Amino acid sequence: MALRIEKYVNGAYGLAHDGSGRVHLVSNALPGELVMEEDVQEKGSMVISSCGSVLEKSPLRIDPVCPLYGICGGCDFLIVDEKTSAELKQQAVEDNLKRIAGLDNMPVFEPPVYGSFERYRGRCRIHVDPRLKRAGFLARGSSSLVEVGSCPALSAKLDSFLSSSKDILFKRARTLMIEKGLNRDSGCVEIPMQEGSDGVSLGRERVFACGYVVSAEVFFQSNLRLLPDLLSFVHDNAVGNVVVDLYSGVGTFSRLFEGEERKVYAVERQKECLSLSKINAPSAHSFTDDAALFAKRISSHVDTVIVDPPRVGLAKGVPSSISSLGASRIIYVSCDSITASRDLASFAKAYSVVSAKLFDFYPGSSHEETVFILDRR
């Protein structure tokens with residue numbers, strides 16, 4: 001079926017309507033294009049498909065820089081340049097705020113932050129078949145292994161490690177195979193890799209990245225080039241003398257206030273993350289606790305709450321617990337604007353979303369990072 005793409009939406013899809021009004025989400029299609037869809041899957045009232053051919057091409061479309069694009073599942077939006085990528089993702093975020101959060105007034109969006117696709121990833125997960133001695137990423141839409149000798153998205157250090165240190169990867173994979181077994185679908189083991197200024201971590205080995213002590217086993221931002229911009233934005237928008245950093249991870253945001261006369265509470269359930277947080281932000285008061293329970297227990301006055309939840313967003317009841325703290329400001333760091341929009345709607349009675357900024361940490365992919373600033377009504 002030929003479809004006219006109306007807009008870009010989450011997941012790197014182009015949205016279109018057919019003659020009956022049904023919604024079609026077409027991968028690899030850009031706003032304004034007329035495309036023929038293929039690989040059609042009907043999901044209720046919605047149709048998911050991919051772009052088979054472009055009948056009328058958008059001037060925004062570019063040729064993917066990676067020869068494995070469309071085969072390897074690592075990147076799913078490598079058909080526009082970095083500036084356009086950030087702009088389209090911001091439009092999708094704004095659309096989600098209107099459609100899902102139902103905000104009365106839209107926040108002011110500062111210009112998005114973006115950088116080069118090439119060599120941006122300082123963190124990744126490599127899939128390794130220890131029996132056939134093959135390493136790479138899973139194919140798009142399947143669990144088949146695509147062998148990769150070099151990846152343009154990986155930092156120079158990680159790419160060099162991937163191409164020249166396969167024996168180390170195979171040895172680690174054999175150990176993991178014995179300890180945990182192989183993935184039932186792919187027949188592989190997954191090895192996390194984290195770049196540091198002092199080496200590459202393949203697990204619990206600790207390295208230094210952007211001034212933080214981290215390891216490959218815990219979450220840390222992948223785009224080390226843009227991370228300082230995000231950190232500055234969060235720091236500059238914190239108000240008052242008491243800061244609560246929920247889902248604090250390795251102390252990514254708590255560390256920003258070291259040396260300042262502020263009281264910081266770092267709250268993180270994962271013990272390995274919290275042990276690193278105590279190194280990165282030694283002045284913070286660290287707690288291994290559930291976010292909602294901590295919010296109920298704390299008796300101190302709070303000025304700013306920084307919340308950086310996982311992709312699924314905040315658990316039920318957490319927004320009301322955070323609101324009960326009475327903070328003047330909430331800084332919500334989101335890696336999924338759909339779940340963020342749902343959460344922001346839960347804050348609407350007590351808080352207004354006054355500003356936002358998108359950080360395109362993942363050019364070439366559908367993922368984005370957005371920071372929302374909420375002020376108490």
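**Entry 1: Val128 and its partners**

I looked up Val128 and found it opposite Val189 in strand β11. I kept in mind that this is a predicted model. On β9, the bridge partner of Val128 is Ala135. I then asked how β8 and β11 pair. Strand β8 covers residues 123-129, strand β11 covers residues 189-196, and they pair in the antiparallel sense over six bridges. I noted one more facing pair: His127 stands opposite Glu190 in β11.

Next I checked β8 against β9. Three bridges join these strands, and they run antiparallel. Four residues lie between the strands in this hairpin. Lys133 takes a positive phi there, near 55°. I also checked how covered β8 is. Six of its seven residues are buried, which makes the strand mostly covered.

**Entry 2: The sheet**

In what order do the five strands of the open sheet stand? I read the order as β10-β9-β8-β11-β12, with antiparallel pairing. β10 (145-147) and β12 (199-201) stand at the edges. Each edge strand has a single partner strand, so one side of each is left without a neighbour in the sheet. Neighbouring strands are turned by 45° against each other on average, direction ignored.

**Entry 3: Helices on the sheet**

I followed helix α2 and saw that it lies across β8, β11 and β12. It runs at about 140° to β11. Helix α3 packs on the sheet as well, touching β8, β9 (134-138) and β11. The direction of α3 makes about 130° with that of β11.

**Entry 4: Helix against helix**

Two packed helices are described by the angle between their axes and the distance between the axes. I looked up both values for α2 (residues 156-164) and α3 (residues 166-180). The angle is about 75°, and the axes are 5 Å apart. Angles from 65 to 115 degrees count as roughly perpendicular. The two helices are therefore roughly perpendicular to each other.

Which residues of α2 and α3 meet? From α2 I listed Phe161, Leu162, Ser163 and Ser164. From α3 I listed Lys166, Ile168 and Leu169. Sorted by class, this contact has four nonpolar, two polar and one charged residues.

**Entry 5: Arg172**

I picked Arg172, which lies in helix α3. Is Arg172 buried or partly exposed? Its relative accessibility is 24%, so Arg172 counts as partly exposed. I set aside its neighbours within four places in sequence and looked for contacts. Arg172 is in contact with Ile191, Leu202, Gly203 and Glu205. I also went back to Val128. Arg172 and Val128 are 44 residues apart in sequence, and their C-alpha atoms are 9.3 Å apart in space.

**Entry 6: Cysteines**

How many disulfides does a search of the whole structure find? I got zero. I looked at two cysteines in turn. Cys66 is in no disulfide, and the nearest cysteine sulfur, that of Cys151, is 6.2 Å away. A disulfide needs sulfur atoms within 2.5 Å. Cys66 is buried, with a relative accessible area of 17%.

Cys188 is in no disulfide either. For Cys188 the nearest cysteine sulfur belongs to Cys72, 13 Å away. Cys188 has 3% relative accessibility, so it counts as buried.

**Entry 7: Asn237**

My last stop was Asn237, in helix α4 (residues 227-237). Asn237 is buried, with a relative accessible area of 14%. Leaving aside neighbours within four places in sequence, I found Asn237 in contact with Arg329, Ile331 and Ile373.

Technical notes. Residues numbered from 1 in each chain as written. Predicted model: local features only at pLDDT ≥ 70, side-chain atom pairs only at ≥ 80, totals over all residues. Heavy atoms only, no water. Axes fitted to C-alpha atoms, helices over the stretch in contact; angles between N-to-C directions. Parallel < 35°, antiparallel > 145°, perpendicular 65-115°, else oblique. Contact = heavy atoms within 4.5 Å. Nonpolar A, V, L, I, M, F, W, Y, C, P; charged D, E, K, R; others polar. Pairing = 2+ DSSP bridges. Buried < 20%, exposed > 50% of the residue type's maximum accessible area, 1.4 Å probe, protein only.
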